[in-house]
Amino acid sequence: MDGTFDDEAEPAVTIGEYLEEVEERELEADLVLGGDDGKECTYNKGYMKRQAIFSCLTCTPDGNAGVCTACSLSCHDGHQIVELWTKRNFRCDCGNSKFGEFYCKIFPNKDVENVENSYNHNFKGSYCSCGRPYPDLDAEEQVEMIQCCLCEDWFHEEHLGLESSAEIPKDDEGEPTYEEFICKACSHVCFFLKLYPEKIWAAGKQPDATVQISKDKGVLEDMPSTCGSEKPTCNTSCSSPKVDDAQATVDSKSISDGKSLSQGENCNGSMASNQCTKSIDLHVNCLLGVNIITVNPVLPGKPMFLSKNWRDALCKCNNCLEFYKQKQIAFLLDKEDSIAEYEQMAKQKREEKLQQQEGAELSFFNKLGHVEKVEILKGIEEMKDGLRAFLSADSSKPITAADVHQFFDDIKNKRRRVQ
């Protein structure tokens, strides 16, 4: 009776479904690990632009250290490990001063401390503004979280600071239409993004505000959008940023086209000629026409959802580059920093690895003698015939784990009889 119940309770899957699931899991792991096979400590590679990082709460319960994939497997096997997905500009801490007497088994000769590493509450196993763990054992349902591309913390949709989760750009099937996300706290430093055209924003509802510059106060203010709640800011029909006499006047078309005023172009007719020349000199080649270093933004924090390749649209004039440096967000200009690029590189490494494996197998086969080749080909044919008979025996009957084990046992016994 018990055996019958177990058979009925055992989940049934087709061979195709099983292989597809294995392939998806392997790909998912490769995307997170960036193609790292986990055999060598990454310490010698220095502060890597992006890599998979883990926190060991057994060794560092304060959550003030992170280790690479290889060290998480070799040095911290059986420990309480927190998977952090990926972190930027990070160097493996395994075995340094934060681990006390514990040393790295792979590469023990490390500096006392990696001073350029940064840590947040994720390293303690806490995420989001609510500080809950993931997976959350007290939650009725495990919901996916969104990672901010600046602070790299993870957030629940209900804690993004939106009036409704319906404001998150998604398609009709509920899939995100945005490439990257900036959380409410980090949006303050990225106020300048509101000066860019609509192409950088993900399709869907964005915060109903457009950034303008007050001529009286010399500050950036959050003003109601005149383009409708469904349109991102800085549309060509909106009012373009305006500055006082010490700053350039740029029309919305020049921003939308990714151009700025240059010597020889006409300025606003109401501006005196000498003022026009002066303001142009201040912002030569700037896409925004505003010195974002000197302005004082007055903006309520709102999360931002960016479209694919939005980083390519960022201005690279001297003023903007200096601003990125001061705010420690210059990594936004590095193509290899984005998760999309990281995953693309991981896919390439995976394809190269599979091709190498196929090449090694073919090379091994070609080195065999004639008899060995015949034996292998014969074994493959026997396997194919056996599988064909096994799968066509009764198509209405679900295949269980016991059935699969029995199939391979029969193959082994048959080979023994032949030998």
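Let's start with one pair. Arg88 and Asp337 join their side chains in a salt bridge, 2.7 Å from N to O. The two residues sit in distant parts of the chain, 249 residues apart. Arg88 is in strand S2, residues 81-90. Asp337 is in the loop between H6 and H7. Keep in mind that this is a predicted model.

Buried or exposed, Arg88? Buried, because its relative accessibility is 11% and the cut-off for buried is under 20%. Asp337 is buried too, at 3%.

This pair belongs to a network. Salt bridges link Arg50, Arg88, Glu152, Glu180, Arg311 and Asp337. Across the whole structure, the search finds 11 salt bridges.

Next pair. Glu336 and Lys49 form a salt bridge at 3.3 Å, N to O. Again, distant parts of the chain are linked, here 287 residues apart. Glu336 is in the loop between helix H6 (318-326) and helix H7 (339-367). Lys49 is in strand S1, residues 48-56. Glu336 is partly exposed at 35% relative accessible area. Lys49 is partly exposed as well, at 44%.

Third pair. Glu157 and Lys170 meet in a salt bridge, 2.9 Å from N to O. They are 13 residues apart, and each sits in the loop between S4 and S5. Glu157 is partly exposed, at 25%. Lys170 is partly exposed, at 33%.

Last, the record. An unreviewed UniProt entry annotates residues 332-359 as a "coiled-coil region". In the model, that span is 75% helix and 0% strand. Its end C-alpha atoms lie 38 Å apart.

How values were computed. Residues numbered from 1 in each chain as written. Predicted model: local features only at pLDDT ≥ 70, side-chain atom pairs only at ≥ 80, totals over all residues. Heavy atoms only, no water. UniProt positions renumbered as here; feature names shortened; annotations may be inferred. Helix = DSSP H or I, 4+ residues; strand = E, 2+ residues; numbered from the N terminus. Salt bridge = Lys/Arg side-chain N within 4 Å of Asp/Glu carboxyl O. Buried < 20%, exposed > 50% of the residue type's maximum accessible area, 1.4 Å probe, protein only.
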